[in-house]
Amino acid sequence: MRIAALLMATVAHVLSAQDFTWMNGQSRQREFPLSSLSKHVALSLYLDSYFAYSTHRPSDHTLTGGASVGRHGEFQLNLASVGAEWSYRSMIGRLSLQAGSMLNRVQDLDGSGTRGRNLSTASLHNIREATVGYHWDTGAGVNLEAGIFMSYIGLESYLLAENWNYSRSLVCEFTPFYFQGVRLQVFPSARLKIEPWVMNGWQTYGASNDVPAVGLSVNYRPREALGFVGNFYYGSDTRDDPGRKRLHSDHSALLRYYNAPGASGISKAALSVNNHIGVEQGGLSSSRGKFLGTAVANRVWLNGDKLAFTLRGELVDNPGRYLAIAPRPTGFPDAGTGIHLGGVTATVDVMPTDLLAWRFEYLNRRASVPYFAGRSGLASSQHLLTGAVNFRM
């Protein structure tokens, strides 16, 4: 997510000559037309729509195996959002409201609302972010915030417009998209951010047990063309089994290895690597869940960044299936048959401005067991053609 000038004036000043819009999972906006409407509040708009075609042609049009694209043979409003980000006398915060079909594929996996009363997914699913906090001018900045946040785990963004590929990688689809809790952002320098987290649980509005989860994110950008991220999570996420613990970590490296701004041919080229490793064990179950995965993407920009081509390869080994998304019982891990997945994705982006992109994508994935939507059941492969448009301001 971008470091807003309203929130981090010192950091923004240091980074003003830097361009991180090339990074995977990062907004590519260089201009923010709505930020000039108010001195203390920056507004934003976001729209994402797609049409997808699966060669399996599922009879009910339902697509499984990912949270990015959910319907076959239909035009879909994937996500529409309006937001506000504010800063006044060191008070900071943001509110982003959302609607669209992606909500069903993300919030439907949250089973915390079935534990007791006075909490439901429906009461919160239209809120993408809602935070309030305080900023201190210490070092390059310190922020303390509480509320509903976008997840720090995984390289790729919940907002598909910020990713190099339209469909997220499997390692990012299997990890959380949001948290409810508290985070502390410490900037020892403009190039280093350290974030300790305390939250209810793994993509849950509520908690599965009585002890909260904890996490840590470290983001280091030694220079404009290079970035490193390390994320860590520890919690008990099996409902009513506090003895079963989950430890998950992902590490990313991003390298822009060619840069020729404004060139009519190749204008830049970059590499993105995101590795995940996790384990879940203990408690009432004698089984041990494991997760290991990687996603490697290479992106080439052309014609002054007006065009881009991205090729991604991915592998996932998930023998305990503790992170696997649908098809499985809503809200809780599936301890069924282990699964191994791999895939290749090719994406072409046409970007007349920083605010608009037309995207065309071919995705080919295979699984060791039937996992993806077939004609009238599950299939072990997925071939998906997608056309999409992303707009943000």
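Analyst: Helices (H or I, at least four residues) and strands (E, at least two) are DSSP runs, numbered from the N terminus. This is a predicted model, where local features need pLDDT of at least 70, side-chain atom pairs count only at pLDDT 80 or more, and totals for chains, interfaces and linings use all residues. Residues are numbered from 1 along each chain as its sequence is written, and side-chain values use heavy atoms, with hydrogens and water left out.

User: Ok, which residue stands opposite phenylalanine 51 in strand 18?

Analyst: That's glycine 387. Strand 18 covers residues 381-392 and runs antiparallel to strand 1, with nine bridges joining them.

User: And how many bridges join strand 1 to strand 2?

Analyst: Eleven, and those two run antiparallel as well. Strand 1 is residues 41-54 and strand 2 is residues 75-88. Serine 49 faces leucine 77 of strand 2 there.

User: How many helices and strands does the chain have?

Analyst: Three helices and 18 strands.

User: Switching topic: how many cavities are there of 30 Å³ or more?

Analyst: Four. A cavity is a set of points on a 1 Å grid over the protein atoms alone where a 1.4 Å probe fits but cannot get out, and lining residues have an atom within 4 Å of a point. Grid points are joined across faces, edges and corners, and the volume is the space filled by probe spheres set on the points.

User: What lines the second largest cavity?

Analyst: It has 14 lining residues, with Gly66, Val69, Ser167, Arg365 and Leu384 nearest its centre. The space inside is about 80 Å³. Strand 15 (356-367) and strand 18 each supply at least two residues of that lining.

User: Now glutamate 224: buried or exposed?

Analyst: Buried, because its relative accessible area is 17% and buried means under 20% (1.4 Å probe, protein chains only). Glutamate 224 sits in the loop between strand 8 (213-223) and strand 9 (226-235).

User: Which side chain does glutamate 224 have a polar contact with?

Analyst: Arginine 256, at 2.9 Å. A polar contact is a pair of N or O atoms within 3.5 Å; within protein, one must be able to donate a hydrogen and the other to accept it, and residues adjacent in sequence count only if both atoms are side-chain atoms.

User: Last one: what share of the chain is buried?

Analyst: Buried residues are 53% of the 393.

Methods
Two strands pair if DSSP finds at least two bridges between them. On a 1 Å grid over the protein atoms alone, a cavity is a set of points where a 1.4 Å probe fits but cannot get out, and a pocket is an open set with protein on both sides within 12 Å along at least five of seven lines; lining residues have an atom within 4 Å of a point. Buried means under 20% relative accessible area, exposed over 50%, partly exposed in between (1.4 Å probe, protein chains only).
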